[in-house]
Amino acid sequence: MRQNFEFTKGKSIVPSFSMGWAAFMCISPNVKEEGAMKEDTGTQDTPYTEDTLVEQLELCVDYLWKSERYELIADINKPVIAVFEKRRDFKRLSELYYDIHRSYLKVTEVVNSEKRLFGRYYRVAFYGQGFFEEEESKEFIYKEPKLTGLSEISQRLLKLYSDKFGPDNVKMIQDSNKVNPKDLESKYAYIQVTYVVPYFDEKEQQDKRTDFERHHNINRFVFETPFTLSGKKHGDVEEQCKRRTILTTSSSFPYLKKRIQVVEQQSTEMNPIEVAIDEMSRKVSELNQLCNMGEVDMIRLQLKLQGSVSVKVNAGPMAYARAFLEEKNAKKYPDNQVKLLKEIFRQFAEACGQALDVNERLIKEDQLEYQEEMRAHYRDMLTELSGIMNEQVSHHNETYDTAPTEQSEIPCASLSLSVAHLIVFDRDLVFAAA
């Protein structure tokens, strides 16, 4: 692509656009790679005309429709509009604007619906100098289609490299822990596959509000690994720690290739109460997001409700409250962290109440009994939480005494449920390959 979109007209070169590849920066930051390329030579032999540009962009728009990337159609059409405006081709302009109109209608239909599947991401690391040569100890992020599972990509890579190196020479590393190549046997080729999700800082989370935005032009990914100071992977909530690893790639997805190399890695470790703060903050955020969707996803909302207030599975939130907020236990932890966790539990109680209100407003008659059951579990949770925190914890529709009841003294049967099991229940949390 010539830097200034210069096109042949007769025997002379006439500039049509001054921006060149920069015109497409709003589509993908990867086009910066074009800026490093030399300008085309021999254009008189193989002319690159306005019509060529229009044809390619029209083809691109067609693929955007097929791939359900409706949000990009307007930006891709902007250079085409410039061509037709210069030509005074009002018929083609009207067709273009109608196409853009349809694309925005489609965006309105699908935004926040989470019905589009943008793929999954995996970190793949290779170990074994004698086998992988220049790729040894390097990590890549693979973008896989739709709902590709961990076992599926692992089996595919195992077969691929078994065919290349021999089935007896390839081993899969079954966890997501950091690997020291010196601890590995040189006679084997090792492959480590870890499920990761896109990572956003606080500002990006506020800016990227739709599924499309959270899967477009992304180059940072995160996975979490559970551990305990005793050396076990999992333990009770009072001893459960986790390591969060953030990976940065050299380019952004979507990309021309299905994998991009990792160029930076950062890891932070969380102690047990920090794990509780992180997990509970995430639950509050998820409930609020589900409640505020234009078109509420009832299945996801009810799953989150069950995971938050149901007696059978609420050991997670309440186990955190008992472990870190009961007076005898809270003294073991910094006051600022205890206060923060208390505030998050107040927000959690409010978010659960709001979710119940939304559910009650939208359910049909055949789910009234289910709603009452969830409401009863919610009341029990508020009562117990009020006793643990020595204050009245309530939703605007519910009010309860602060005194602990006999029920609040009875530990839940599944109290020993570890953080890692909660992660399995919650699709959006990432305890990779745990």
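Mentor: Let us begin with a loop. Glu133 is found in the loop between α5 (129-132) and β4 (139-144). Helices (H or I, at least four residues) and strands (E, at least two) are DSSP runs, numbered from the N terminus. This is a predicted model, in which local features need pLDDT of at least 70 and side-chain atom pairs count only at pLDDT 80 or more, while totals for chains, interfaces and linings use all residues. Residues are numbered from 1 along each chain as its sequence is written, and side-chain values use heavy atoms, with hydrogens and water left out.

Trainee: What is the phi of Glu133?

Mentor: Most residues other than glycine have a negative phi, and most peptide bonds are trans. Glu133 has a positive phi of about 50 degrees, although it is not a glycine. Asn217, also not a glycine, has a positive phi near 55 degrees. Asn217 is placed in the loop between α7 (202-207) and β7 (218-228).

Trainee: Which peptide bond is cis?

Mentor: The bond from Phe253 to Pro254 is cis, with omega near 0 degrees. Pro254 belongs to the loop between β8 (240-253) and β9 (259-270).

Trainee: How many helices and strands does the protein have?

Mentor: There are 14 helices and nine strands.

Trainee: How is burial read, and what share of the residues is buried?

Mentor: Buried means under 20% relative accessible area, exposed over 50%, and partly exposed in between (1.4 Å probe, protein chains only). Buried residues make up 47% of the 434 residues in the protein. Asn217 is partly exposed, because its relative accessible area is 22%.

Trainee: Is Ser176 buried or exposed?

Mentor: Ser176 is buried, since its relative accessible area is 5%. Its place is in the loop between β5 (170-173) and β6 (189-198). The side chain of Ser176 makes a polar contact with the side chain of Thr225, at 3.2 Å. A polar contact is a pair of N or O atoms within 3.5 Å; within protein, one must be able to donate a hydrogen and the other to accept it, and residues adjacent in sequence count only if both atoms are side-chain atoms.

Trainee: Which residues does Ile81 touch, not counting residues up to four places away in sequence?

Mentor: They are Leu93, Leu96, Tyr97 and Ile100. Ile81 lies in helix α3 (residues 73-87) and is buried, with a relative accessible area of 9%. Ile81 and Tyr97 are 16 residues apart along the chain, and their C-alpha atoms are separated by 8.7 Å.

Trainee: Where does Cys291 lie, and which residues are in contact with it?

Mentor: Cys291 lies in helix α8 (residues 272-291), and is buried at a relative accessible area of 8%. Leaving aside neighbours within four places in sequence, Cys291 is in contact with Val296, Leu301, Gln354, Ala355 and Val358.

Trainee: What is the volume of the second largest pocket?

Mentor: On a 1 Å grid over the protein atoms alone, a pocket is an open set of points where a 1.4 Å probe fits, with protein on both sides within 12 Å along at least five of seven lines; lining residues have an atom within 4 Å of a point. Grid points are joined across faces, edges and corners, and a volume is the space filled by probe spheres set on the points. The second largest pocket has a volume of about 940 Å³. Of its 26 lining residues, the closest to the centre are Ile27, Ser28, Val31, Cys60 and Leu256. The largest share of the lining, seven residues, comes from α2.

Note on methods. Contact = heavy atoms within 4.5 Å.
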